[in-house]
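Please look through the sequence and the 3D structure shown here before reading on. The paragraphs below are meant to be read with both in view.

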Amino acid sequence: MNGDIIKKIIYPTVGFIITIFLWDRYVVIFDLSEVVLPRPGIIFESILSEYPALLSEGFETLLACVYGFILSIVIGIPMAVLMTDSKPLNLMFYPLLIATQSVPKVAIAPILLVWFGTGIESKLAIAFFISFFPMIVDTATGLRSTPKELLELARSLKCSYFQIFVKIRFPSALPHIFSGAKVAITLAVIGVVIGEFVGGSDGLGSLLMVANSQINAPLAWAALVFLSFLGIFLYVLVVLAENLLIPWNNTYSK
Amino acid sequence: MSAASSHTGPEDPGLGSGTLQNVKKVFGMEGASDLVAVKDISFSFSSGEVISLLGPSGCGKTTVLKMIGGLIEATSGEITVSNSLVRGPYENVGMVFQTPTLMPWRSVISNIKFPLEVLGKQLTDIDDKAISLLKLTNLTEFKNAWPHELSGGMQQRAALCRALIHSPEILLMDEPFGALDELTRMEMNDLLLKVNYQEKNTVIFVTHSISEAIYLSDKVHVFSKRPAEIRKTININLPHPRNPTDRYTDYFKQLELDAGEALGVIR
Ligand SMILES: Nc1ncnc2c1ncn2[C@@H]1O[C@H](COP(=O)(O)OP(=O)(O)OP(=O)(O)O)[C@@H](O)[C@H]1O
Ligand SMILES: [Mg+2]
């Protein structure tokens with residue numbers, strides 16, 4: 001237990017402090033201008049003075065990420081079910097699905113902007129477009145990997161399609177669904193930030209762009225710090241949900 | 001039959017009995033010639049008997065077992081269980097597979113009750129039944145554990161409880177102890193006999209192990225290589241209840257020799 005704390009908390013903290021210290025020394029020794037690389041302390045000051053804006057813009061970004069993520073779940077999972085359970089649908093649309101993934105995501109952002117305007121809709125569309133793919137693929141993999149003995153057991157007990165789905169296939173797909181969700185939430189954040197870069201008027205992404213154009217490097221870096229925390233926060237939420245909903249799964253993860 | 005007659009089956013002597021009449025199974029293969037898995041199998045079993053199907057790998061034992069359970073349709077021939085023709089799955093079957101295949105998201109007790117849940121049986125004595133099965137299989141203190149917290153042998157015992165919870169007349173077991181170590185396997189053999197004695201159901205047991213087949217069964221059907229035919233039927237006249245020392249008697253060794261010869265492993 002003690003060794004665990006040292007490994008998981010002390011070591012990373014020390015590593016972090018060393019990195020910050022070296023960063024600071026580097027800027028001072030090579031006399032870099034603030035625009036190129038601000039000192040960590042200055043970024044911290046910027047966070048302290050600008051935190052109301054950072055928080056409110058951060059909240060906009062957070063909302064968009066969550067909505068985009070939810071969108072990819074509520075659309076991705078049923079699509080995965082249709083694709084795994086209907087051979088014709090699979091044959092018709094799976095190639096198309098793969099093709100959508102070869103489109104460079106950033107390149108589609110301006111088009112989505114034209115369709116959905118500069119509000120939250122276009123951010124959601126980009127977040128969804130980027131994050132639904134792992135959701136579909138992992139859910140489909142999960143639904144296809146039900147142990148065949150369990151399906152046989154169900155058949156011998158004359159379970160209906162619905163019973164088999166709800167009581168066997170879906171729960172046994174949950175670990176896969178969650179591994180898809182962990183990728184999806186990360187991608188949703190990326191998607192939202194792309195949306196905010198390209199056309200957004202709010203959110204941390206656009207704050208970062210504005211700060212950049214005003215050559216306010218400390219604020220840009222402060223936005224970056226907030227974005228990283230936001231990403232970690234959302235990821236941890238998904239992991240917590242996973243531990244809460246599928247506690248039986250710790251055989252696989254540990 | 002003297003050994004089998006020491007069993008007392010359920011009230012109706014027809015329940016749990018069955019016959020296979022010239023059963024054949026051909027699998028249609030895409031883009032290849034058809035595969036004859038089972039050529040011509042006929043045998044019958046009566047209520048409460050333990051019957052083993054012994055044969056080389058890939059000879060069609062699982063296929064025969066699934067046909068008895070109504071999970072695979074026979075290409076020709078007739079299968080009757082409990083006086084009615086098998087035309088698909090029927091609920092009076094319990095199944096145990098080589099791997100326990102418990103649902104990892106359900107506790108042990110909830111896994112065991114699964115068949116009742118989907119069969120919609122509103123038995124008032126569900127809990128009594130579950131508790132007596134847990135006791136029989138020494139799992140009482142693990143009833144609320146997750147499956148992954150159990151050893152392989154314990155998981156297989158839970159799977160056995162699940163197969164028995166709805167009091168099926170016939171228990172189909174496909175190499176259920178094949179993945180266990182020798183010691184656990186012998187324990188499970190005795191447990192199965194105890195269960196069979198208490199529950200009085202018919203057991204059809206698929207195995208690769210000659211000694212396991214002889215120790216458990218009233219009758220052993222030795223299958224040929226694919227396509228399966230019955231090479232030899234060996235009646236086992238060991239007294240019930242079995243005693244582990246039975247394995248070391250001359251009679252037992254003679255039966256092993258007979259089975260080995262029928263399998264072609266001893267020439
Ligand atoms: N659904 C299927 N479609 C096509 N061929 C099948 C199917 N199921 C089984 N077979 C074939 O039928 C033959 C017998 O298979 P089966 O599983 O019954 O053998 P087995 O005796 O149980 O073997 P093992 O001891 O290895 O479990 C094999 O050649 C197998 O490839
Ligand atoms: Mg088999």
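What follows is a walk from the contact between two chains to features within them.

This is a predicted model, in which local features need pLDDT of at least 70 and side-chain atom pairs count only at pLDDT 80 or more, while totals for chains, interfaces and linings use all residues. Residues are numbered from 1 along each chain as its sequence is written, chains are lettered from A and ligands numbered from 1 in the order in which they are written, and side-chain values use heavy atoms, with hydrogens and water left out.

We begin where the two chains meet. If contact is taken to mean heavy atoms within 4.5 Å, then 20 residues of chain A touch 22 residues of chain B. The size of an interface is often given as the accessible area lost when the parts come together. Here the buried area (the accessible area, found with a 1.4 Å probe, that two parts lose on being put together, summed over both) is about 2100 Å², and carbon and sulfur atoms give 69% of it. On the side of chain A, the residues that lose the most area to chain B are Leu157(A), Lys167(A) and Trp248(A), which together make up 30% of what that side buries.

The side chain of Lys167(A) meets that of Glu117(B) in a salt bridge, with a distance of 2.5 Å from N to O. Which elements of chain A give two or more residues to the side that touches chain B? They are α6 (148-156), α7 (161-198) and α10 (250-253) of chain A, where helices are DSSP runs of H or I with at least four residues and strands are runs of E with at least two, numbered from the N terminus. The largest share, six residues, comes from α6(A). Sorted by class, this side of chain A has 10 nonpolar, five polar and five charged residues, where Ala, Val, Leu, Ile, Met, Phe, Trp, Tyr, Cys and Pro count as nonpolar, Asp, Glu, Lys and Arg as charged, and the others, Gly among them, as polar.

Next we turn to a helix of chain B. A residue is called buried under 20% relative accessible area, exposed over 50%, and partly exposed in between, again with a 1.4 Å probe and with protein chains only. In helix α1 (residues 61-68) of chain B, seven of the eight residues are buried, including Val64(B), Leu65(B) and Met67(B). Just after α1(B), Gly70(B) takes a positive phi of about 80 degrees.

Aromatic rings give another view of the model. Rings of Phe, Tyr and Trp (its six-membered ring) pair if their centres lie within 6.5 Å, and planes under 30 degrees apart count as stacked, over 60 as edge-to-face and the rest as tilted; over all chains, the count comes to 10 aromatic pairs. The rings of Phe129(A) and Phe132(A) have centres 6.3 Å apart and planes at 35 degrees, so this pair is tilted. Both residues lie in helix α5 (residues 120-144) of chain A, three residues apart, or about one turn of the helix, and both Phe129(A) and Phe132(A) are buried. A second pair, Phe177(B) and Phe205(B), has ring centres 5.8 Å apart and planes at 50 degrees, so it too is tilted. This pair links distant parts of the chain, with Phe177(B) in the loop between β7 (170-174) and α5 (182-199) of chain B and Phe205(B) in strand β8 (residues 202-207), 28 residues apart.

Lys8(A) is exposed at 61% relative accessibility, whereas Asp4(A) is partly exposed at 37%. Another salt bridge connects Glu242(A) with Lys182(A), the closest N and O atoms being 3.0 Å apart. Glu242(A) lies in helix α9 (residues 217-245) of chain A and Lys182(A) in helix α7 of chain A, so the pair ties together parts that are 60 residues apart in sequence.

How values were computed. Salt bridge = Lys/Arg side-chain N within 4 Å of Asp/Glu carboxyl O.
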